[in-house]
Amino acid sequence: MDTTNTVNLPKNLIEQLEGYGISADSIFISALADMNLDCQYEPCYIIVCKDKLVMALGTTKKRETHIYGKHRDSSKLFQSYQWAVKIFDLNKYDSLDIQPLISGGVLFGVKDENPVSLVAFSGSQMGDFRRLVNVYNKLAKNEELTDEDLKPEDDDIFCPKCGAIYPDRARKICPKCMDRRSVFFRMLAYFKPYTGKIVVMMLCYLGAAGLNLVWPYLNGTVLYDKVFGKNEEFLRFVGLPAGKFTVLLAAVVLSMVITKFIGQVLGIIQGVMTAKIVPDVVKTIKSQVFDSMGRLSINFFTSRQTGSLMTRVLDDANFITGFFIDGLPYFFINVLTIISTCTVLVMINWKLAIASLILLPLLTFVSYKLLPRLWHYYGKRHRASRSLYGQLNDNLTGARVVKAFGQEDREIKRFERYNSQMRDAELSLVGFDNRFYALYSAVQNIASFIVWGFGSIIVLYTGDLEVGMLISFAGYVTQLNGPLDFMSHIFRWWAESANSAQRIFEIIDSHPEVAERDNPVHMPEIKGKIKINNMTFGYEPNKPVLKNIDLEIKPGELLGIVGRSGAGKSTLVNLISRLYDPDEGDIYIDDVNIKDMSFKDLRRSVAMVSQETYIFMGTVAENIAYSNPDATPEQIVAAAIAASAHDFICKMPDGYDTIIGSSGRELSGGERQRISIARAILANPKILILDEATASVDTETERAIQRSLDRLVKGRTTISIAHRLSTLANADRLVVLDEGRITECGTHEELIKLEGTYYKLVQLQKEALTIRGISEEDI
């Protein structure tokens, strides 16, 4: 068995262990405890060998900064430490166990059912200690170890360049070290289908750049020196008779008009091409982002603000497209314009050209150095914008709660705080960007002063430059103002676009935690048998909500799940629906692991009515038919009748065609719940999950729904979670969850006789109803 990747110990400790006769080959697994039992920093390695359990406590005389948690290579941190080693036989303890704490845990050794505290550790080490406990307990029971038991956690969570932990371990991309060039070329791929139109745009840009070079020459040298100066040689050059300067003037004016006209035509063509490209590219990017979000697991959405996701879908695509259409092509054209203009300036008068352009290299260097700071300011503004969007979304969706508790002033203050952060971020960005603009403006003005000052001296005293040529020279220098001004903004544009592209690719490159197999098992018909085998699950790493769940549900059985709030009831049914995947163990439907099932068959076979109902914008009929878009009107009405929703729907202005708003704000809680039940009934699933399905209805409505559900559950497997335990009295079997474990299982009568957790819950509910003056028969 390969154990080369299971040991990460300091070299001096390995040498010390070898002195005790413990070779590296005999070590199966190790884990680093980074705290003592008083929660003070104290490194201690727990090592499991073939027949030994080793504890190595580290001490040092050096004064060091201690960092809790995972390290890129923790063994290198402790080379200066001395190790106090304790070696025990493997049978020192019958087993090892972990007591989870708020953040971390305590390792216990258990002997004759008496636990002994050994070490404490932070939450980041929980995974290592769980594997260590599993290996030790298997060895203690003389069970065979597998490669899976010794497989370490994914240690490739650190950036190899800077050593920082990846923000998203699945993507393994470090924002600090990310190659922006790869992002740039990846974004170009979106414009590949429009190559022809982009070529036309580039030709228009080139044509416009060429015309810009012609204009100062016509406006200066030709007009002043050749026409107004009555240059006979120029007349002969253009083929006009002597003295025909009026004709020459008309020709020059006409040439200038044609130049401007062609420039306008090229601009119009470019605008048409832009109008044809931009909307399609924006649509493609938004569709791809939304499609990628739709494929991601539910955990992706619960861990992010709605406002942040809206920003990525709506705004970032526009920023990217704006840069690549209105920024990037002009960048090349302006660079070409700067180079060609500088060449012309040198040809006119190289001394004056050097004097006027001497600041350009310095300008380029300073811009390059300022760009990273600009990138930082754009990231800061995005975070402020994300928070503002999130606050706005909370206010709009929670308007009823705000009004009900009279918290308008408080929400205004919250909004003002986020709005102020957005303002400060924008001011910081604009202030920094103004440095670019001031720098470029200063270079432009200095160049103009140099041209007119030194140029006038050359005209007056040396005669090497004519007035018209000076005007042309000044025109070319002035023509540099546009490209230089553009360059002052292109860096800001690029930073904004690159930030947006990075955020978009974070979504596109994200891998769903719950993914379908490449070749899934298709199950057109299922019977409804469910088996859960030794399942453990937690929403956060190493913090299990459900622990070692073993459960089997027969086809057609009605199973009730009860327990205190937070016991893991909803989590259990979410796992059966495969909204999440368990950390350990497996779930089977008809003896097929749900991880192997196709999503289409699983979603078709399992339907859930949750305590959190959602009504989409649309008609009542469309909302009911959401689970089965091909349903006929008759089937929709039948499902509504079965859910006791038909009566109140008929009382609406347009019946089943009544438009109800997003989240169903025109409906009461009970009405929303009944439409949700009708939606599940129309799906006609083989497995029906009712998670507090009648939580939002009154007693009379609950009775009507319960009668409908009694008919509905026949012939299908049903898992029901209810806040009123009396509604589960007719269940074939009840399961009690307590602190993430199944503690009781049986019929209502059997659990009452046990007088355990279920019995206590029933008694508490009876007492509560008695206080309210409600008898058990009334419910």
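Select β3 together with strand β4 (residues 82–89), and you will find the two paired in the antiparallel sense over 8 bridges, where strands are DSSP E runs of at least two residues and helices are H or I runs of at least four, both numbered from the N terminus, and where two strands count as paired if DSSP finds at least two bridges between them. Within this pair, Gly-58 has Trp-83 of β4 as its bridge partner.

Before going further, note that this is a predicted model, in which local features need pLDDT of at least 70 and side-chain atom pairs count only at pLDDT 80 or more, while totals for chains, interfaces and linings use all residues. Residues are numbered from 1 along each chain as its sequence is written, and side-chain values use heavy atoms, with hydrogens and water left out.

**Hairpins**

Next select strand β6 (residues 104–111) and strand β7 (residues 114–121), an antiparallel pair with 7 bridges, in which Gly-105 has Phe-121 of β7 as its bridge partner. Between these strands lie 2 residues, and Asp-112 in this hairpin takes a positive phi near 55 degrees.

**Helix α11**

Move to helix α11 (residues 350–357), whose buried residues are Leu-352, Ala-353, Ser-356 and Leu-357, buried meaning under 20% relative accessible area, exposed over 50% and partly exposed in between, with a 1.4 Å probe and protein chains only. They lie on the same side of α11 because they cover an arc of only 115 degrees around the axis, the arc being that of the directions from the helix axis to the C-beta atoms. On the face turned away from that buried side, look for the exposed residues Trp-350 and Lys-351.

**The antiparallel sheet**

Now select the 4 strands that form an open sheet in the order β9-β8-β11-β12, with antiparallel pairing. Its edge strands are β9 (546–553) and β12, each pairing on one side only. Strand β11 (residues 584–589) pairs with β12 over 2 bridges in the antiparallel sense, and Ile-589 stands opposite Val-592 in β12.

**The mixed sheet**

A further selection shows 6 strands in an open sheet of mixed pairing, in the order β13-β16-β17-β10-β18-β19, with β13 (606–609) and β19 (741–746) as edge strands that each pair on one side only. From one strand to the next the twist averages 20 degrees. Strand β10 (residues 558–563) and strand β18 (residues 733–738) pair in the parallel sense over 5 bridges, and Gly-560 stands opposite Leu-734 in β18. Helix α22 (residues 669–683) packs on the sheet, touching β13 and β16 (687–691), and its direction makes about 170 degrees with that of β13.

**Confidence**

Finally, colour the chain by pLDDT, the predictor's confidence in each residue from 0 to 100; the mean is 78, and 84% of the residues reach 70 or more. Over residues 1–6 the pLDDT is below 50, and beyond near neighbours in sequence this stretch has 16 contacts in the model. Where pLDDT is low, the predicted coordinates should not be read in detail.

Terms used
Contact means heavy atoms within 4.5 Å. Axes are lines fitted to C-alpha atoms, for helices over the stretch in contact, and angles run from 0 to 180 degrees between N-to-C directions.
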